[in-house]
Protein chains: 2
Amino acid sequence: MTIAEENLREFVENIFLSIGCSQNDAIQAADVLISADLRGIDSHGVARLSGYIRLFDHGRLNSTPNIEVVHETPSTATVDGDKGLGLVVAPFAMKLAMEKAKNVGSGWVAIRNSNHYGIAGYHAMMAIENDMIGWSMTNAAPLVVPTFSKEKLLGTNPIAVAVPAQNQPAFVADFASTAVAYGKMEILQRKGEPAPLGWVQDAEGKSTTNNNAVKEGGGLLPVGGTRESGSHKGYGLGAIVDILSGVLSGANFGPWVPPFATAGFHDVTQGVGLGTGHFVGAMRIDAFRPADEFKRDMDIWIERFRNAQAVEGEKVQIHGDAERISTTERKQNGIPLNAKVVEGLQELGERFNVLLMP
Amino acid sequence: MTIAEENLREFVENIFLSIGCSQNDAIQAADVLISADLRGIDSHGVARLSGYIRLFDHGRLNSTPNIEVVHETPSTATVDGDKGLGLVVAPFAMKLAMEKAKNVGSGWVAIRNSNHYGIAGYHAMMAIENDMIGWSMTNAAPLVVPTFSKEKLLGTNPIAVAVPAQNQPAFVADFASTAVAYGKMEILQRKGEPAPLGWVQDAEGKSTTNNNAVKEGGGLLPVGGTRESGSHKGYGLGAIVDILSGVLSGANFGPWVPPFATAGFHDVTQGVGLGTGHFVGAMRIDAFRPADEFKRDMDIWIERFRNAQAVEGEKVQIHGDAERISTTERKQNGIPLNAKVVEGLQELGERFNVLLMP
């Protein structure tokens, strides 16, 4: 089923309004989710809407949060999200980071007591139109095994960096610190296909092709896969994201990060901090170099890489290319949703008396 | 051959003095190199000393640079290294970043017109004793192929992040954005052993076990190895490092980054910027949260990860553990150097009339 962007957006806004979000918050939260669907990151778009509502039902989500700056300096701040939607808390923090960057060159905000914030790239990309470089990262519930660990201690902990160019579209890197996103395992499970070696390990810590390994006591591997091929680098990247998002903000960290609604619940009173943590930042380009010079050089960078000699049948891509192409296409032709996602949305629509128009 | 730390340090200082470095610069540069040897990162220690001297011989290294802040805001700066030793330029920039962090919470410095800066971790670690989180990254001459590229467009572009704890030793991640450092290929070449799949590709862009592949038109693979197992993440990380170090500072970037002495020379007038670029940063912990609370939580983080259930025969390590153990051991027993490195040092000693004491 394919739904026009505007209809889907209106539906999502109305659902968020139905749980008590303000008009502004509903618009903001819907924009993050719709942006994921437009960009082709289907796992982080409206497919998660029912998950956020389940969080609300279980009392873990505050639809009218009092988001507060609890600590700050001219270039830094810590924000308490008051159990609000990460989809709203992170943009609040990113605006604060950009305000600080405007004033003193850069701004960095650690966020605690939040929930799932959607795609990392959305928040980083807020910086682009202001001629800033944007940063965004978040911790998440443990699915990932550090190198040599049998225990899952890290989330897929993504990092995003967005950089404006002049005539070329922006560079937008946005990736998990694992070999693959958990969504890829779910696709294999549905298809009944084995996982390539290097994606997951089993309960004994051995690489496996079992697409159910994570549920059976195994874990996702950090990018790099095995120690020999550099998994300590993926583990390091995931650890950095966890420390900045969780430890620096006073949120939960490591194995204590509460699961997103779809992954079940645990006793959050057993945590080591408040909710989920994020970390965002903005650096004004002309705090380093005239923005025009920088963006001209970014064009050179992007053109050189995009035009590199490629292996047969492939092209060298710039980070953000695929998502931009998807956005153009889906804005025009609508957002394709699979039957199970549509079913979930329709259930929400019935419950809150909101109509889903195709 | 094993040489006592202090003797090796004095030798290196004297060599740097011999090419005209000031006393302070010689001490600083030697400290970065000796620190690499102590930490067990032999490829980046005194083994590179003759390379720096060759850079000097070829007119690419200024032993008496006028390191200058060419642009700044309260939380950012751009530094021109005046073709100085990266071993001296980067610590200068890191001190500036820490000064800014002291004043406004964080400090970020992009550096152009520099040369090889030794181990990334050294500069990041300068922040630890000031209760700050340190960042350090650098671009480097192209050895690495982006995903699907046949051309080498990125250096091994390392990133380091150092985080203090309370009773536990600091967390110090310091890793290249490739599957392995090029030094590992050189070891295989010496031993005549094949490379594991996922480390390098051949001139046609195919994964290969040929340990000479990089010299024969191939390239090092980004961490992740292949597209299927996440090489676009390693490529993205290397790209971020290149953009911040090279494009943001006005240094060379991508395939234009000049080679370190040991990799031969190219016509540096053909570049797109000035010399090699680095990027360093410092964030004051109490700009986010009371430092004691943060460091107590870092202890919890580190202890939880270090004590995780491990696969048989292994231990879960914290980033920085191995280097710290090596440092303790080598401070006590001396620094082991292979015959070829000692030979290179002795040649330098003869040339500059400096004695290498064991």
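Colleague: How many bridges join strand β5 of chain B to strand β11 of chain B, and do the strands run parallel or antiparallel?

Modeller: In general, strands of a sheet pair through backbone hydrogen bonds, either parallel or antiparallel. In this predicted model, strand β5 (residues 132-138) and strand β11 (residues 276-284) of chain B are joined by seven bridges and run antiparallel; two strands pair if DSSP finds at least two bridges between them, and strands are DSSP runs (E, at least two residues), while helices are runs of H or I of at least four residues, numbered from the N terminus. Within β11(B), Arg284(B) is the bridge partner of Met132(B).

As for the conventions, residues are numbered from 1 along each chain as its sequence is written, and chains are lettered from A and ligands numbered from 1 in the order in which they are written. Because the model is predicted, local features need pLDDT of at least 70 and side-chain atom pairs count only at pLDDT 80 or more, whereas totals for chains, interfaces and linings use all residues.

Colleague: In what order do the strands of the open sheet in chain B lie, and which are the edge strands?

Modeller: The open sheet of chain B has seven strands in the order β2-β3-β4-β11-β5-β6-β7, with mixed pairing. Its edge strands are β2 (68-73) and β7 (171-175) of chain B, each of which pairs on one side only.

Colleague: How many residues of chain A are in contact with chain B, and which classes do they belong to?

Modeller: In chain A, 66 residues are in contact with 66 residues of chain B, where contact requires C-beta atoms, placed from the backbone, to lie within 7 Å. Elements giving two or more residues to this side of chain A include β4 (106-114), α7 (231-247) and α8 (291-306) of chain A. By class, the side has 36 nonpolar, 21 polar and nine charged residues; Ala, Val, Leu, Ile, Met, Phe, Trp, Tyr, Cys and Pro count as nonpolar, Asp, Glu, Lys and Arg as charged, and the others, Gly among them, as polar.

Note on methods
Contact = placed C-beta atoms within 7 Å.
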